Structures are given as structure tokens and as C-alpha cells.
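Good morning, everyone, and thank you for making time for this. I would like to walk you slowly through one structure, so please have a look at it before I go on.

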Amino acid sequence: MSKPTQRTIKFLKDQGMDCCIVERWVSMPAHPAGGFRKDMFGFGDLIALDGDSIIAVQSCGQAFSAHHLKITEDEEVAPYALHWIQCGGRLVLIGWRKILKKRGGKAKIWSPRIKEYSEGDFNG
């Protein structure tokens, strides 16, 4: 499990949500890394339950823009992401970055950058 996923799970649980990992490892001996990670529908690392809603969560480190483009513009991923939202699911991208704990200080803390998607985020 990646560090961003670990941080995201803790963040969601601290918000009172139940969550489950839906990303999986696909073993492929011929692949340079021995395999690859496969997200649910190409955009989901986690499923979170928040009261009366279900949320697909994509977590990342500092590659927030690349993940945003994948969700909204990738021809294989975007249709599934849009359909998820149209079916009543929520979709959230959470990216992690270090920011200064206090202005003028040196200490840094991990902070989430959060984007919740709606139908208006998709072209066409």
C-alpha cells in the first residue's frame, strides 16, 4: 500500500467514514516491475461510506494534475468516472503534499488537496 493511500485511509477514518481498498496488484512476470496496480474502473483506490453516500476515492502524492486529467479526459477512464457520478456515486481525488505548519517556520506537515467531481467536470 502506498503512503498516499495510507494517509488517505487515516484521513477518511478520522472523518468518521468506513473505507476499503479496491485497488489491486496484477502480477505479470513479463512486466518490468513484475506487475502493476489496477484501480477500480481506472479511477478508484478506495471506497468510502459517508452516512448515506458511497465515495470512490483516488489518492495520489504530488501528481494531482495528472490524476485529474486521467479522471476527466482519459478516453478509457473518464466515461466510467462520469457514469459513476450519474449513478449517484461521489468521486473524490485526494492528493498529498507537504506544507509549512506555520508561516515563516521550517516544520512541514502533510496536507490533503481535495477535489470532488460533478458531471460538469467532464467534457461532453
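**A helix and its aromatic neighbours**

Let me begin at the end of a helix: just after α3, Gly88 takes a positive phi of about 100°. Please keep in mind throughout that what you see is a predicted model.

Going back into helix α3 itself, which spans residues 78-86, the buried residues are Ala78, Ala81, Leu82, Trp84 and Ile85. These residues lie on the same side of α3, because they cover an arc of only 155° around the axis. As for what they pack against, their partners are β4, β5, α2 and β6.

Now to the aromatic rings, where the count comes to six pairs. One of them is formed by Phe11 and Trp96, in an edge-to-face arrangement with 6.0 Å from centre to centre and 80° between the planes. Since Phe11 lies in helix α1 and Trp96 in strand β6, this pair ties together parts that are 85 residues apart in sequence. Of these two residues, Phe11 counts as partly exposed at 21% relative accessibility, whereas Trp96 is buried at 5%.

Another pair, Phe41 and Trp84, has ring centres 6.4 Å apart and planes at 55°, so it is tilted. Here a residue of the loop between β3 and β4, Phe41, is tied to Trp84 in helix α3, 43 residues apart in sequence. Phe41 and Trp84 also belong, together with Phe43 and Tyr80, to one aromatic cluster.

Finally, which ring does the charged end of Arg7 sit over? That ring belongs to Trp110, and the distance from its centre is 3.6 Å.

Technical notes:
Residues numbered from 1 in each chain as written. Predicted model: local features only at pLDDT ≥ 70, side-chain atom pairs only at ≥ 80, totals over all residues. Heavy atoms only, no water. Buried < 20%, exposed > 50% of the residue type's maximum accessible area, 1.4 Å probe, protein only. Helix = DSSP H or I, 4+ residues; strand = E, 2+ residues; numbered from the N terminus. Arc of directions from axis to C-beta. Contact = heavy atoms within 4.5 Å. Phe/Tyr/Trp six-rings, centres within 6.5 Å; stacked < 30°, edge-to-face > 60°. Lys NZ or Arg CZ within 6 Å of the ring centre and 35° of its normal.
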